Amino acid sequence: MSQSKIWEHFQNEGVDSFSQSRGRLEFLVNRLSPAARILNVGVGNGMFESLALARHIDIWSLDPSERAIEKLKISQSLGEKAQVGYSQAMPFPDSHFDAVVMSEVLEHLDDAVLKKTLDEIHRVLRVDGVFLGTVPAREQLADSLVVCPDCGVQFHRWGHMQSFDIERLSIVLSEIFYVHEISERFFIEWKSVGWWRKLQELVKKFLSWRGVGTYGICRNLFFVVRKSN
């Protein structure tokens, strides 16, 4: 099963799947300086860009989906600041950004692409620049496997290829970055849902505190690392 086909679907026809991400994305945007030049890798439905522009952040975007980038250029008037490309081969110069953001992206990369992606992030960051984002927390990948009804190939329903806990994510990121923070968070989307969904989210949060529930669902690892000399 092609990873790119899964991602292309969720970026376009399945874009509603990003509707519950506002709380997580607002949290990330609020960690950024309005004076900074920021690269967001993996645009989803463009919500991160919209939130960043509302804070007058100099936002740039990268995504492999041509359709998603074209929609973003139109909806947010980003022009050439929105580029089609891959995280392992970024079309930007060295030391170009104050921060790079990747929220719910690293888990989609295999080991080789993940290493190249981290090298590229290091390259495009200025010295003392920060890399921040989120990944699902302690996801059990096997719990979300499905089978293609046409070819019989088994694949993860969202195209995830990595599972991270705090220890593993720290090891991976500390190979080339200084780790400032890695912590487990539970993000709840409050503004766009009714009272019943809010109650469900509170129950999930309570269960997560008790160690009950499916890992990787609504629970995230938040990370901030820095490029040092």
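This note sets out numbered points on the predicted model shown above.

1. Basis of the model. The structure is a predicted model, in which local features need pLDDT of at least 70, side-chain atom pairs count only at pLDDT 80 or more, and totals for chains, interfaces and linings use all residues. Residues are numbered from 1 along each chain as its sequence is written, and side-chain values use heavy atoms, with hydrogens and water left out.

2. Confidence. pLDDT is the predictor's confidence in each residue, from 0 to 100. Its mean over the protein is 84, and 76% of the residues reach 70 or more. Residues 209–216 call for caution, as pLDDT stays under 50 there. For this stretch the model has 13 contacts beyond four places in sequence, a contact meaning heavy atoms within 4.5 Å.

3. Overall composition. The protein has 7 helices and 9 strands; helices (H or I, at least four residues) and strands (E, at least two) are DSSP runs, numbered from the N terminus. Of the 229 residues, 46% are buried, where buried means under 20% relative accessible area, exposed over 50%, and partly exposed in between (1.4 Å probe, protein chains only). Among contacts between residues at least 6 apart in sequence, 69% join residues at least 24 apart.

4. The sheet. Seven strands form an open sheet of mixed pairing, in the order S3-S2-S1-S4-S5-S9-S8. Strands S3 (82–84) and S8 (178–186) are at the edges, each with a single partner strand, so one side of each has no neighbour in the sheet. On average, neighbouring strands are turned by 15° against each other, direction ignored. Here two strands pair if DSSP finds at least two bridges between them. In general, strands of a sheet pair through backbone hydrogen bonds, either parallel or antiparallel.

5. Strand S1 and helix H5. Strand S1 (residues 37–41) runs parallel to strand S4 (residues 97–103), and 3 bridges join them. Asn40 has Val101 as its bridge partner in S4. Helix H5 (residues 111–124) packs on the sheet, where it touches S4 and strand S5 (125–136). The direction of H5 makes about 140° with that of S5; axes are lines fitted to C-alpha atoms, for helices over the stretch in contact, and angles run from 0 to 180 degrees between N-to-C directions.

6. Strand S9. In strand S9 (residues 219–226), 7 of the 8 residues are buried, so the strand is largely enclosed by the rest of the structure. S9 pairs with S5 in the antiparallel sense over 7 bridges, and 8 bridges join S9 to S8, also antiparallel. Phe223 of S9 stands opposite Gly133 and is the bridge partner of Ile182.

7. Ser87. This residue lies in the loop between S3 and S4 and counts as buried, at 8% relative accessibility. Its side chain makes polar contacts of 3.5 Å with that of Gln88 and of 2.7 Å with that of Thr117. A polar contact is a pair of N or O atoms within 3.5 Å; within protein, one must be able to donate a hydrogen and the other to accept it, and residues adjacent in sequence count only if both atoms are side-chain atoms. Beyond four places in sequence, Ser87 touches residues including Val41, Leu62 and Met102.

8. Ile57. The loop between helix H3 (47–54) and strand S2 (58–63) holds Ile57, which is buried, with a relative accessible area of 3%. The C-alpha atoms of Ile57 and Ala35 are separated by 6.2 Å, although the two residues are 22 residues apart along the chain.
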